[in-house]
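Here are some notes to read with the model open beside you.

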Amino acid sequence: MNSCAYSQSGKKKGENNEAFYLENVDMEKNGKIAQKLREVEEYSKETEKREDEKKEIDPWALPEFKTDAKLWQEMTKKEKVIHVLWTGITKPLLLIALLYFFICSLSFLSSAFRLLGGRTAGQIFRDSEVLANPVAGLVIGVLATVLVQSSSTSTSITITMVGEGLLTVKQAIPIIMGANIGTSVTNTIVSMGQIIDKDDFRRAFAGATIHDMFNWLAVLVLLPIEAATGYLYHLTTAMTKGLELTSANDTNPELLKKITKPFTKIIIELNKKIITHEATKMQNESEPSMLKICKDSNKTVIKCGYLFEYLSSWEDWAMGLLLLFISLLILCLCLMFIVKLLHSLLRGSIAKVIRKLVNQDFPGTCSFVTGYLAILIGAGLTMLVQSSSIFTSSITPLVGLGIISIERMYPLTLGSNIGTTTTGILAAIAQDDHLKESLQVALCHLFFNLTAILFFYPVPFTRFPINLAKFLGNTTAKYRWFAIMYLIFMFFVFPAIVLALSFTSVIALIVVLVPVILLVITVAIIKTLQAKKPHLLPKKLQNWKFLPEWMRSLAPYDRVFRKIFSICKKIRHAKRDSVDLGRT
């Protein structure tokens with residue numbers, strides 16, 4: 001009986017142990033499930049929070065235009081007359097005058113850069129061995145265009161060199177691609193005129209850099225394709241083969257210059273042929289300055305009559321610095337007053353109507369046509385003014401004000417890239433020798449832009465430049481100094497480093513550039529997945545917190561800049577106090 005009781009108690013004990021073990025297993029499983037549920041809940045909360053933040057504050061939503069002005073019905077006769085004279089006549093005339101001086105300031109800016117680096121830009125083209133490397137040709141195109149502030153000039157120099165037999169068509173193609181990038185520096189500078197207002201600057205900087213992003217992406221994709229297949233070369237060779245062409249020296253109408261020249265020639269005139277002579281090794285030693293020299297019928301030097309002629313004893317770089325200061329001053333003042341005038345003119349219902357007309361899509365299934373129409377408008381207007389820089393720089397302030405959206409700015413910019421190729425075609429037709437090869441280079445420029453548009457526009461998903469420009473706009477809104485750093489690095493430092501590596505060896509260039517490009521692509525993919533599909537990434541890669549702060553944020557650099565600014569401010573105040581004490 002005792003043994004039975006013992007066996008029964010043993011059984012119970014065994015059952016209790018088994019139950020305890022199962023309970024522990026269940027608790028462990030439940031704990032894991034509970035942890036998973038908590039993670040899912042936290043992720044859903046974070047996602048909802050992000051979506052709520054986006055819904056609450058969309059920095060890219062176009063601003064509401066408010067007005068406290070009286071309605072027309074509420075005005076007296078006197079107020080109506082004043083309103084018509086001031087708002088209807090005087091302000092539009094002032095706006096036209098400011099736009100005129102703004103375009104003139106861009107011309108002065110171009111002349112300033114030519115004085116500062118025009119000869120250097122011409123000399124860069126001389127080394128044919130370096131130009132045999134397509135990457136070197138690309139950065140030479142970028143630097144030369146930045147230095148002369150005109151893709152038309154650098155393209156024309158390239159076409160002239162092909163016409164002179166100093167460059168082959170294959171060597172010229174990467175230079176033309178680089179000129180496309182360099183021309184977008186002007187509207188990036190112009191966007192800084194709206195740096196005071198954070199939201200305006202965000203939109204303006206994004207509107208300007210959308211041009212940069214498209215051009216850089218186009219080169220990143222098409223330069224390797226061209227190097228591997230030579231598709232542009234073969235396509236344009238087939239087009240020009242068998243053509244019987246004759247030179248036409250009076251093909252350049254210079255429509256815009258005919259309007260601005262009466263004012264700009266009072267200030268300065270340059271001998272632009274010197275840059276081409278530097279590039280083609282035909283420099284005349286009797287012309288030490290880039291200033292234009294006037295001669296009479298007997299070839300005697302006479303006065304031209306422009307103001308900078310009185311500074312002809314100065315070095316070119318000194319005159320360039322002075323003109324750079326003057327041009328930036330005029331540009332900033334014009335931009336400031338243009339923005340203020342547009343703010344006062346485009347208010348309330350007027351602004352809403354204009355913005356709706358500019359940004360509205362065609363109804364129904366025809367909505368996709370709107371973008372292509374914007375491309376045609378951009379191309380047409382750029383052909384009219386013969387400068388993509390002037391066209392994009394003129395509409396950048398409108399993007400900052402919220403009249404033109406980033407999404408509409410993009411096709412307009414693409415159109416300006418097509419429109420600017422007409423200058424190269426006209427320059428090619430004006431060549432006396434090697435006319436066919438010159439025209440082939442100009443056509444390469446046209447088809448490069450058309451191919452890039454096919455890559456980055458028809459399918460909405462492929463419009464990467466819009467998101468990249470918005471990212472840069474958000475960054476500059478938070479850290480204003482980033483805009484200047486971006487400008488210096490993207491258009492001067494980076495091309496200069498690549499050019500220096502090109503002079504060493506092709507292997508050095510590949511060893512440095514390939515890892516950098518792969519790193520940038522990897523970071524871009526991870527960042528896109530973090531924003532769109534974070535659950536596809538490992539937990540560690542769902543954010544950048546595993547990296548040191550200086551590698552994942554600009555905040556440490558911002559703190560350094562703030563300290564520098566505060567020290568400068570203290571020094572300035574100390575000097576002012578010491579001056580005041582000296583006076584007393």
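This is a predicted model: local features need pLDDT of at least 70, side-chain atom pairs count only at pLDDT 80 or more; totals for chains, interfaces and linings use all residues.

1. **One face of helix 9.** Let's begin with helix 9, which spans residues 231-240 and has Leu232, Thr236 and Thr240 as buried residues. Looking down the axis of helix 9, you will find its buried residues within an arc of 50 degrees, so they line one face of the helix. What covers them? The cover for the buried residues of helix 9 includes helix 6 (169-182), helix 8 (198-229) and helix 18 (435-456).

2. The protein chain has an average pLDDT of 78, and 77% of the residues score at least 70. Which elements mark the two ends of the confidence range? Helix 1 (residues 2-56) has the lowest mean pLDDT among the elements, at 55, while helix 16 (residues 406-419) has the highest, at 92.

3. **The largest nonpolar core.** This core holds 87 residues, and the members that touch the most other members are Phe102, Met177, Tyr410, Tyr486 and Phe491. Helix 8 gives the most to this core, contributing twelve residues. As general background, nonpolar side chains in soluble globular proteins tend to be buried together.

4. **Met177 up close.** Which residues does Met177 touch, leaving aside those up to four places away in sequence? Its contacts are Leu138, Val219, Leu222, Leu223, Glu226, Leu232 and Phe448.

5. You will find Thr264 in helix 10 (residues 255-267). Is Thr264 buried or exposed? Its relative accessible area is 9%, and the cut-off for buried is under 20%, so Thr264 counts as buried. Not counting residues up to four places away in sequence, Thr264 touches Cys104, Ser107 and Phe108. Thr264 and Ser105 are 159 residues apart along the chain, yet their C-alpha atoms are separated by 8.7 Å.

6. **The disulfide.** How many disulfides does the structure hold? There is one, and it joins Cys294 to Cys304 with an S to S distance of 2.0 Å. The link of Cys294 and Cys304 is right-handed, with 120 degrees about the S-S bond. Cys294 sits in strand 1 (residues 294-295), whereas Cys304 is in the loop between strand 2 (301-302) and helix 12 (316-345), and the two are ten residues apart. Cys294 is buried, at a relative accessible area of 18%.

7. **Other cysteines.** Cys334 is in no disulfide. The nearest cysteine sulfur to that of Cys334 belongs to Cys104 and is 8.6 Å away; a disulfide needs the sulfur atoms within 2.5 Å. Cys334 is buried, with a relative accessible area of 5%. Cys444 is buried as well, with a value of 2%.

8. A search of the whole structure turns up six salt bridges. One of them pairs the side chains of Asp200 and Arg203, at 2.8 Å from N to O.

9. The side chains of Arg559 and Glu549 meet in a salt bridge of 3.1 Å, N to O. Arg559 lies in helix 23 (residues 555-583) and Glu549 in helix 22 (residues 549-552), so this pair ties together parts that are ten residues apart in sequence. Arg559 is partly exposed, with a relative accessible area of 43%, and Glu549 is also partly exposed, at 33%. A further salt bridge joins the side chains of Arg562 and Asp558 (2.9 Å, N to O). Arg562 and Asp558 are four residues apart in helix 23, separated by about one helical turn. An α-helix has 3.6 residues a turn, so residues three or four places apart point the same way. Arg562 is exposed, with a relative accessible area of 54%, whereas Asp558 counts as buried, at 11%.

Terms used
Residues are numbered from 1 along each chain as its sequence is written. Side-chain values use heavy atoms; hydrogens and water are left out. pLDDT is the predictor's confidence in each residue, from 0 to 100. Buried means under 20% relative accessible area, exposed over 50%, partly exposed in between (1.4 Å probe, protein chains only). The arc is that of the directions from the helix axis to the C-beta atoms. Contact means heavy atoms within 4.5 Å. A nonpolar core is a set of buried Ala, Val, Leu, Ile, Met, Phe, Trp, Tyr and Cys residues joined through side-chain atoms within 4.5 Å. A salt bridge is a side-chain nitrogen of Lys or Arg within 4 Å of a carboxyl oxygen of Asp or Glu.
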